[in-house]
Amino acid sequence: MVLKEREKKVKRNPFSRNREPYKLLALMRTEAKKISKEKTVSTRSLNFELMHRITDRAYWMALEMIHLANHRPQKEKGEPKVGGHPTACASSKHLLAAIHLVMRNPEDYMAFKPHISPMDHAFNFLLHNFREADGSRMELERRKIAMRNLRHYSKTGEPVFQSYHAEADPDSHRYYPSGSVGIPPVNALYTSLGYAFAKDHGYELNEKPTFYCIMGDSEFREGSLMEAMPDAGERQLGNLVWIVDYNRQNLDGTRVLNEEALGGSDADRICRLGEANGWRSVKLKHGKLREKTFQKPGGEELKRVLDNELTDFELQALVASKNIKLIREVLGKKSAKLQTFLKKMDDAELSKVFFNFGGHDIESLVEIFEEAKRHPHRPTLLVAYTIKGLGLKCAGLSGNHSAMPEEEELIEMSQALGTSHENPFEEFESGSPEEKFLSERRKVLTDGIDRLRKEVSERKEKFLGEANEIEFPTDFDITALKFSPIAHTQWMWGQIAAKLDRLAHENSKLETENDKSWAKVAKYFVTMAPDVGSSTNTSPNMNGKLYGDIGQEDFEAEYGAKDTKAPDVIPHLNKRTGHIRFEIAEGNCMSAAGSFGKFFYFTGIPFFPSMTIYDFFIKRAHDQFYYNLYWHSHFATIGTPSGVTLAAEGAQHSWKSDFQIPNCVTWEPCFAKELEWILASHLKNHFTHQDENKESALIRCVTKGIVQKEFLDRLKKQKRFENLSDTEVLLVIREDVLKGGYALVDYQGFEDYRPGDNVVHLFAMGALVPEALRASDKLLEKGIYANVFVVTSPDLLLGNFAYQEDYDHLKNGLGISGNLYLHSVNPSEVKTRGEWLSLKSSRVPIVSVHDGEPGLLDNIGSVVGVKHHSLAIRKTSKSGTTWDIFELHHLDSDSIVEIAEKTLKEAAEEEFVVHSSILNNLN
Ligand SMILES: Cc1ncc(C[n+]2csc(CCOP(=O)(O)OP(=O)(O)O)c2C)c(N)n1
């Protein structure tokens, strides 16, 4: 159907002389046939009644899990409630049943809304799909312990479940962590793109996963999902299935929408949205029983009334009433014709029909999921009508989001099911049809997962074995640097990215040992950008090398209309491509970086995505960024340009996104060489898997040119480097750069250098280092020795990572201390109090200067215990030259000089109190 639609479109295209679209169509057709043969199951052979019984048992187990989590014996007074979401589990239970009991293949991925995780655990429990941390299957007794430990903190290694899907859960195989709604389905989308990218780049992955994502109807209002929808459509991600659990309720209650204004229900709006964005949309309102009823004489009127005469709000009120007499009356009022038809059904029958919502009909769901597989180039969006709390007394009630059934209700349920409330996690009896079915299913799913995990882990081991043989260079040998006296860090990023892109090309000339080493891994380096690739110096990676398909011919080439001064932005599906272009959709690009950065974890292919983004706009993708880091994804974010250095762009752009989140190291290099070292080290650590808890890098780059010569010139003036060669000096400094900071100017050993008297430490970061150098020179003219320390990573030198090591590099590496210095004792200034003498003394004070929020560097003083003034961005900015703007924020060299003198004076006012006997003893 879709193929035909597409064929028609291509034929109608008056310009389609190019044969490529037709080739593509042929390919799509063969693939579609193959997939429908390989993967589809005949629904006729399936026993759906039995699956409903298994689902009832699984649901009851999920309720017991939540009940146990909320009734722990050790609960202390004042402890916040534990919670859990029985009603959301009910609304999704049949969606999950169709996936777990029929559709799910070992290679498939699941991104499900957070609060249905107990339902997942219950199905996985029955499918023996729990694993120990080492990947081995979990034994029954430990599986039962895990079921009792929802939302429990494991103190002695007992298996537990986090509140929402988590990588640490025993059943986490190919689940996306959940918690923040609206994000995981987008990550699933981009993992799907990752598979397409891997396939088009010749990687051997013998899997064709489907990506199942379940979300709530209110969740579906999340901007992140809207942002990603056109991307999935255009990129033809046919293995993606988004399922909206359409229960017409959210946390705050029933969703009351203005259907008149929307031109229909929200379900209709969602379906239109899907179609408009290149998806196949399916609205599943009615279950099989209703469909059968509609076929009876007069039944079509029931369908018409249910489809057209009830708003969602009215429908929901009837569901919540659970009053079948009222339901009969209301339906009858909508259509006199219908009254006669309804009379043919008694209350029990009518109730079954009325409450037969499509999203609770496993058979209908399986049919739709099967159909999705027959459209390998079009993602599927399913809107499934469900009932929140189905099976519970609170079903459909507006405020039931966190409602818990009372213990009596659970006991009643267990009696109806023939199970034991005291001993809830018993499997079906051996020999029962349910157990037989589950045991067959385990052979496909759980055994298959074992095989897949083995395959992936062998691929990982093979790659790591090879990577560990590589002598990773410490830089990229960017020769252009030698001819670029003034260069900026964004330029250097472009040089490195372009070089890796060149080396990724199989036929590239490998001229040096450096080339040869990087060439072994360069193909895994993927660049991406949300419409800022060319303005962040990434053009060489883009030019004719964008990955993707346009479904039409290159008219620019045909009409001789190529802009030869700009990168060629026609995408291709070939191996030579290494850049993924995004619209202005920072969230999408960030999620893609996260998903590609998890590729090694899932498949053993170690992609290292690096995205450029204007630093200011990282906050647009903050939630996605956090998700990626929480997920330990391996990727680099190049925030560039950044801060007020972007003065020409004015006020709004000039604020940095300064955040500290675990698993990410933030960098802000100044000299181009620093960036080379930083990226080289990150790549090496990624490929050799030495980046635990530092999987991601956020690197701030700027477009302000820096005189590169100053780097070595200043270093070589230091007394400690007097007899060392350039290479030896750089070797020492590289180590410090990678630990978070280094001394660029160090007057130690100079004549008349007196800490506690005429010495101040200046800490500077990024583009403000030259200002600190100028200030240091000016201070020297005034007889003040101002050492300049360059902060390359605030995280490593002063943030969480430093905290874990008691600021070792700051204190011991750079030698910053709170020592109190006493230079000379001028008898006229000594105050005496009895036998105690009070002497004037001082420590070496600190001034820091950086382009960012004060909190980034303002703890140096408190860490070592000295006076510290932090020059930073404390107000919104303006347009102007960089110098104007540095002055506006008091970051310029004169402001540094002024504050350094003031701080020195303040520091000199300290007093050193000592007992006279100590001084006497010293004599
Ligand atoms: C981004 C985000 N915002 C808010 C929440 C808190 N929250 C969890 S579930 C929920 C309601 C979800 O409603 P809906 O999407 O309709 O799903 P339902 O629970 O009705 O199945 C909310 C607001 C969250 N987890 N993530």
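Predicted model: local features only at pLDDT ≥ 70, side-chain atom pairs only at ≥ 80, totals over all residues.

Mentor: Residues are numbered from 1 along each chain as its sequence is written, and side-chain values use heavy atoms, with hydrogens and water left out.

Trainee: Why is α3 called oblique to α5?

Mentor: Helix α3 (residues 48-70) and helix α5 (residues 117-126) pack at about 120°, with axes 8 Å apart. Angles under 35 degrees count as roughly parallel, over 145 as roughly antiparallel, 65 to 115 as roughly perpendicular and the rest as oblique. Therefore α3 is oblique to α5.

Trainee: What makes α3 roughly perpendicular to α19?

Mentor: The axes of α3 and α19 (residues 433-469) cross at roughly 95° and come within 10 Å. Therefore α3 is classed as roughly perpendicular to α19.

Trainee: Which residues make that contact?

Mentor: With contact meaning heavy atoms within 4.5 Å, L50, M51, R53 and I54 of α3 meet P433, E434, F437 and L438 of α19.

Trainee: Which residues of α12 are buried?

Mentor: Taking buried as under 20% relative accessible area (1.4 Å probe, protein chains only), G299, E301, L302, V305 and L306 of α12 (residues 299-309) are buried.

Trainee: How do you know that they line one face of the helix?

Mentor: Seen down the axis of α12, the buried residues fall within an arc of 160°, so they line one face. The arc is that of the directions from the helix axis to the C-beta atoms.

Key:
Buried < 20%, exposed > 50% of the residue type's maximum accessible area, 1.4 Å probe, protein only. Helix = DSSP H or I, 4+ residues; strand = E, 2+ residues; numbered from the N terminus. Axes fitted to C-alpha atoms, helices over the stretch in contact; angles between N-to-C directions.
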